[in-house]
Amino acid sequence: MKATSQRGFGYVETLVAVVLLAVVLMPALDALSNATRNAPVAAQDDTLWMSVANKLNEVSGSRFDELDAAATTAGGASNASTLSDPVNTSPRVLVYLSRYDGDNADGDNDGFTGTDADLIWIRAAIADTPVSLHTLVTR
């Protein structure tokens, strides 16, 4: 019986393995680097979204007649209401209120031009950011 000699990896095989590892690991390390670099920004975004959600929850739980009065005082969906946070609050959440034409009674397909007395639109938004949430409340 002839003995077979065992040999290890050759130079070319080792070189191919190192190149493959480099090609696979570089994108993974880059992704990990981006994730750790963006972690503080993501935490700040979470804080903004939670602030908006909490304010929307607080305002939508108010009595309907109080919301209706604040909507009337605001004068329209593009004006911040008195339920907004004070100026020096950080992050400042602005609250927009308006009566809403949910049944499109006037036929113009614009929810803000009707006179539905039992439906109010609420929008909570962080000042100077695109972060906002909105909902409808009924009597």
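Let's start with Asp106. Asp106 is partly exposed, at a relative accessible area of 37%. Here buried means under 20% relative accessible area, exposed means over 50%, and partly exposed is in between, with a 1.4 Å probe and protein chains only. Asp106 sits in the loop between E1 and E2.

A word on the model. This is a predicted model: local features need pLDDT of at least 70, side-chain atom pairs count only at pLDDT 80 or more, and totals for chains, interfaces and linings use all residues. Residues are numbered from 1 along each chain as its sequence is written, and side-chain values use heavy atoms, with hydrogens and water left out.

Now the whole chain. The protein chain has two helices and three strands. Along the sequence, the pattern reads α-α-β-β-β. Both kinds of element are DSSP runs, numbered from the N terminus: helices are H or I with at least four residues, strands are E with at least two. The protein chain has 139 residues, and 25% of them count as buried.

Next, contacts, meaning heavy atoms within 4.5 Å. Residues 24 or more positions apart account for 46% of them.

On to salt bridges. Side chains of opposite charge can pair when their charged atoms come close. The cut-off: a side-chain nitrogen of Lys or Arg within 4 Å of a carboxyl oxygen of Asp or Glu. How many salt bridges does the structure hold? Six.

Lys55 and Asp85 are up. Their side chains meet at 3.0 Å, N to O. Lys55 lies in helix H1 (residues 11-60) and Asp85 in the loop between helix H2 (64-74) and strand E1 (93-99), so the pair ties together parts that are 30 residues apart in sequence. Buried or exposed? Lys55 is buried, at 9% relative accessibility. Asp85 is buried too, at 14%.

Now Asp68 and Arg99. Their salt bridge spans 2.9 Å, N to O. Asp68 is in helix H2 and Arg99 in strand E1, so this pair ties together parts that are 31 residues apart in sequence. Asp68 is buried, at 14%. Arg99 is partly exposed, at 32%. Leaving out residues up to four places away in sequence, Asp68 touches Arg99 and Ile120.

Then Arg139 and Asp118. They meet at 2.9 Å, N to O. Arg139 is in the segment after strand E3 (132-138), and Asp118 is in the loop between E1 and strand E2 (119-126); these distant parts of the chain are 21 residues apart. Arg139 is exposed, at 58%. Asp118 is partly exposed, at 37%.

Last, a network. Salt bridges that share partners join Lys55, Glu58 and Asp85 into one.
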